[in-house]
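Let's take a walk through this one, going from a chain-chain contact to the core and then to a pair of helices.

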Amino acid sequence: MAAPTPISRKPLSFVLPTAGGIGAFLGLFLGTGNGSGLIGMLLGAAVIAAMAYGFIVDLQNEKLAKWISVIGFGIVGYMFGGIILTIVAGLVGMFYHWLIYWLYEGRYRAKLLPYLTAGQVLWHYGFRCIAALIFIFLITPILVIIPLSFNAQDFFTYTPGMLRLDPDAYSLKHYQDFFTNNEWQRSLKNSLTIAPIATVISVSLGTLAAVGLSQSHMPFKGTIMAILISPMIVPLIISATGMFFFYSQLGQFMENSLGMDKNLVGYIKVILAHAVLGIPFVIITVTATLVGFDQSLTRAAANMGANPMTTFFRIQMPLILPGVISGGLFAFITSFDEVVVVLFIGSAGQKTLPWQMFTGLREQISPTILAVATILVIVSIGLLTVVELLRRRSERLRGMSPA
Amino acid sequence: MSDSTANGLVLAADGTPLKRSLSRAMRRQKIRAFMLVAPLLIFVLLTFIYPIGVMLSRSVQNDIVPETLPETVRVLGAWDASSGELPDEAVYAAFTRDMSVAIEAKKHTRLGSRLNYEKTGFSSMFRQSGRKMKKLDPVADAPFKEKLIKIHKGWGDVETWKTLQTYSGLYTSGYFLNAVDARMTPEGMAWQPEDKQILLKLFGRTLVMSLIITGSCILLGYPIAWLLANVSPRNANLLLILVLLPFWTSLLVRTSAWKVMLQQNGVINEVLVWIGLVPDGDRLILINNEFGTIVAMTHILLPFMILPMYSVMQTIPPVYLRAAKSMGATNWTAFWRVYFPQSIPGIGAGSILVFILSIGYYITPEIVGGTKGVFISNRIAYHISSSLNWGLAAALGTILLIVVLALYWAYDRIVGIDNVKLG
Amino acid sequence: MTLTKLLTATTALTLVAGVAAAEEMTIVSWGGAYTASQKGAYHDPYSEKTGVTIINDDSSAEAVAKLRAMSEAGNVTWDVVDVVAADAIRLCDEGLALEIDADTMLADAPDGTKASEDFGDLLVSDCFIPQIVYSTTFGYRTDLVGDTAPTTVCAVFDTEAYPGKRSLEKRPINNMEWALLCDGVAKDAVYDVLATEEGQQQALDKLATIKDDVIWWSAGADTPQLLADGEVVMGSTYNGRLFAAIEEQKLPVAMLWDAQVFDLDGWIIPAGLSEERQARALDYIMFATDTQRLADQAQYISYGPARKSSAPLVGKHKTLGIDMAPHMPTDPNNAKNTFLYNYEFWADYRDDIDAKFQAWLAK
């Protein structure tokens, strides 16, 4: 990182128009709603520019200015609407206060390289705004369903009561349903049984195959790769019906000839089917890690008397571990989120969470699905944190410093 | 040069010629590499490729007709369909004999539903005739022509026998023709009537929509991937969580979430009305059309674009850009001529991934697609689970698979499958 | 729980399951409230009486495809399957379902009426044992339709009097009939007209007048959700869903009982079961479709029992305590103008008209 760029205060002739311009943006929204966008824009620009002038020239106290703008905006919000509008307006006030001082003090330059031109600085922040919008696009749908999971009604609808923040409109009953209903609990258990075992199978077979595939002497590499990736590219509904026949026959064989328990056979069928679907992800991630793998390390190990097993587990494995883990996570999610194949191959005893959700969406609307999703989001955040920690650990192992 | 070159050959330490020793070592390595791959290869071949192959082979199978009506098919072969006259008694007698066996084995209705795909009405004709023909004795009650026509007037229609003759082979191209909005008629291949032409249109729409989805994923994914690759690793990993979180949320939940977002009383419209951008009476129609499908699918598939792009961009040294600029390139030139070409493999990997996945999706289009956002996979699912026309489903699936494989091949040619990296 | 304990428990469970396997049967149904109603009315009493454990499999939506695949693979794992009548006909045509002789395999009514007479014309297929009569009908938002509530099904096609969106199922069945009916075709001529190319075109043309105002649904839960959101002013769905939305969720929704289409849902027994399993399945069917059991199901869900003799026995809702008879699609007040789904016609024409309908939708 470059040394911090020295910052300096900017002239009013820069601060006022810029702040006013961004104020006009807010005015445009409010103005369009109340008849004229143009008047709104002008008013917005004028208000924010006046605020900037007042704060910088007259008040000259940043802390006090912050309170003035938050409370001022809040009051205006309160006059127009309820509590939510007050909070939103307060946040808007906080933003404009921050913006004015950010511009005035030149803080926007602090973290950038000193030689950048004004255009490049503008682009830098413009680009970040665009990226922020895309992130909002990515994350909003997830955030939107979280409040709905507390809906007191049985629909995916924001009721008027919820918007008023009326406590009666919220309830934990869908969470209660999830934790007490046998169907949900059983399907959760099934998912938690099937997904890890399927993952272990796809990861172990997939890693071995990826190691083989990455060797330069591998014959028919392209064809084999295409075959191993194919579960990802065949439309799922075709895979599901095709595999159904195979697994029915396999199941019959295992039950009648091997005398295995029906329920156990059911699990084996779903697990094997999910393992196949997860394999492409493992192959892809592990081969990608192996592309950067220095083969002279294995030769060095062999030179020093390590047998192939030792070499694999002591030398190769720790280094390709991140690829193996992320492949495993993809495989896990594939199984954990898979509905089409399990619908065909599974029977009652193997009903998984997505299957139960699918029935829920089709047969009876129930925000229990959203409660489950909320819980799963929290669990995923936990899992991602673990992955992140693992990744940092592996980087330390590789001796790679965070560049 | 010592003794190792005694007879002109380079020898290894144990005295065998080096060439042979090397090739043996090479072969051993090949075998070892293959042994590593073998378990998985056998597993995938057995539990995936073989069953899928069997499934897809249904697209040409037609053995149900010659197997259920063996004698009829043989006798009918001699009938001249273009004469415009009904076949003679021999055909009817053979048909009655075949049917009495089929009715006994309860196979006649199955044949009826098979032939109903080709000509509407066969299903009830076989079902109703079956009930009445049960009472006929295939020997004593001859002749049959009049009796059969009395049982169901369909047997007195030349078209019935023409259809039966057309579809009497063990294999048929009928399903594939149906899959491209054509059909086999006694006179040869013909297009379906215009008001039944839908599948080619759906293929086209699936491809166009998948391209648009891929395109919007590139547009939205590129800046994010660039940002991830160009901020400090710690921040990058934090931002990566924002990318992965939706990726890990159930597909069903995300699709429902988009329903909540996009409908007319949904979150987006409510917010737009609330801040006044949109008048209350004139809310935007964002769902149950192409737009809804594109938005929801772009959201669902975006991580598949970002991750490969990000892994490629990570390998592009930032100094290249600075070098280009220091040599006088403008920002745009430096990006377009130096950075962008190096990031193309990432775009390629992401695009192929997104495109292949979006071509096969059907749950999301079904839920948010309305009438104009439906894909060919929806029809495949319909024919598999509702209409039981698996031959047609298999034909559609085969065509889809060929398209995907062609793309995969092109991708492997252009970028190389090794270059895909997911996280 | 320690690992050893867990392992012991699992092993014990597996052993128990292994021993009990002979006394198990898998019954396939739709899941959700419907399976719950069957559990209350049939499964629990049956298990209590015979000691047979019943496993519910919510696969009815895929039943036809799965049964066909199972039968081809020679490994049918289901004992009794709940399907709509149209699917039962399909399965029967495919030879995938057991043919049932109503008089010998089903219970007589309490007054000694033979089962075949008690079910009457509802025995629409040789393999099908009817269970409930449901109807696909319209619900409307009472607060969004203005002062005059709709009284006929043609209100759906009247966007002037009832502006706003309406939801219809994304398939030709029912919609084509309604369209013709509201285009002036007499009720008993509907299927004759629909069998012709012109008639199909006429129906599609009528639907085209409201095409822009329709949200097409594909899952039964969609219309209640759309009504709850105010996305549509009226929409077709199964009457039981509307009952739940009105009486349990207290939505401002009312039901339109006009030209609703009666359809049947019931049992089939897969063909090719072992003798022992088939005997058990038949025993279950005999028990579960007698007069009293069918009436009992109506305590849980507002679908009408398929036997004539069950109608007088319909009582109050189990939890809400309201009288269920007036909510039955079979109630004389509700059934003034009804359609019976024409199974024969749709078995023949479904694929043909569906292709046209999909092509029309995509236009």
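**Where chains meet, and what sits inside**

Start where two chains touch: 32 residues of chain C are in contact with 27 residues of chain A. Keep in mind that this is a predicted model. On the chain C side, the elements that put in two or more residues are helix 1 (3–20), helix 2 (32–50), strand 2 (53–57), helix 3 (63–73) and helix 10 (222–229) of chain C. Helix 3 of chain C gives the most, with five residues. By type, the side of chain C that touches chain A splits into 14 nonpolar, 12 polar and six charged residues.

Now look inside. The largest nonpolar core has 307 residues, and the members touching the most other members are Val341(A), Leu301(B), Ala88(C), Leu91(C) and Ile268(C). Take Ala88(C): once you set aside neighbours within four places in sequence, its contacts are Val83(C), Ala97(C), Ser125(C), Cys127(C), Phe128(C), Gly266(C) and Ile268(C). There's also a second, separate core of 17 residues, with Ala19(A), Ala45(A), Met51(A) and Phe55(A) among them.

Finally, hop over to chain B. The axes of helix 10 (residues 199–230) of chain B and helix 16 (residues 331–360) of chain B come within 9 Å and cross at roughly 140 degrees, so these two helices are oblique to each other. Their crossing is right-handed. Helix 10 of chain B brings residues including Ser210(B), Cys217(B) and Gly221(B) to the contact, while helix 16 of chain B brings residues including Gly346(B), Gly350(B) and Phe355(B). The residues of this contact come out as eight nonpolar, eight polar and no charged.

Note on methods:
Residues are numbered from 1 along each chain as its sequence is written. Chains are lettered from A and ligands numbered from 1 in the order in which they are written. This is a predicted model: local features need pLDDT of at least 70, side-chain atom pairs count only at pLDDT 80 or more; totals for chains, interfaces and linings use all residues. Axes are lines fitted to C-alpha atoms, for helices over the stretch in contact, and angles run from 0 to 180 degrees between N-to-C directions. Helices (H or I, at least four residues) and strands (E, at least two) are DSSP runs, numbered from the N terminus. Angles under 35 degrees count as roughly parallel, over 145 as roughly antiparallel, 65 to 115 as roughly perpendicular and the rest as oblique. A crossing is left-handed if the near helix is turned anticlockwise from the far one by less than a right angle, and right-handed if clockwise. Two residues are in contact if their C-beta atoms, placed from the backbone, lie within 7 Å. Ala, Val, Leu, Ile, Met, Phe, Trp, Tyr, Cys and Pro count as nonpolar, Asp, Glu, Lys and Arg as charged, and the others, Gly among them, as polar. A nonpolar core is a set of buried Ala, Val, Leu, Ile, Met, Phe, Trp, Tyr and Cys residues joined through C-beta atoms within 7 Å. A residue is buried if 20 or more other C-beta atoms lie within 10 Å of its own, exposed if 12 or fewer, and partly exposed in between; C-beta atoms are placed from the backbone.
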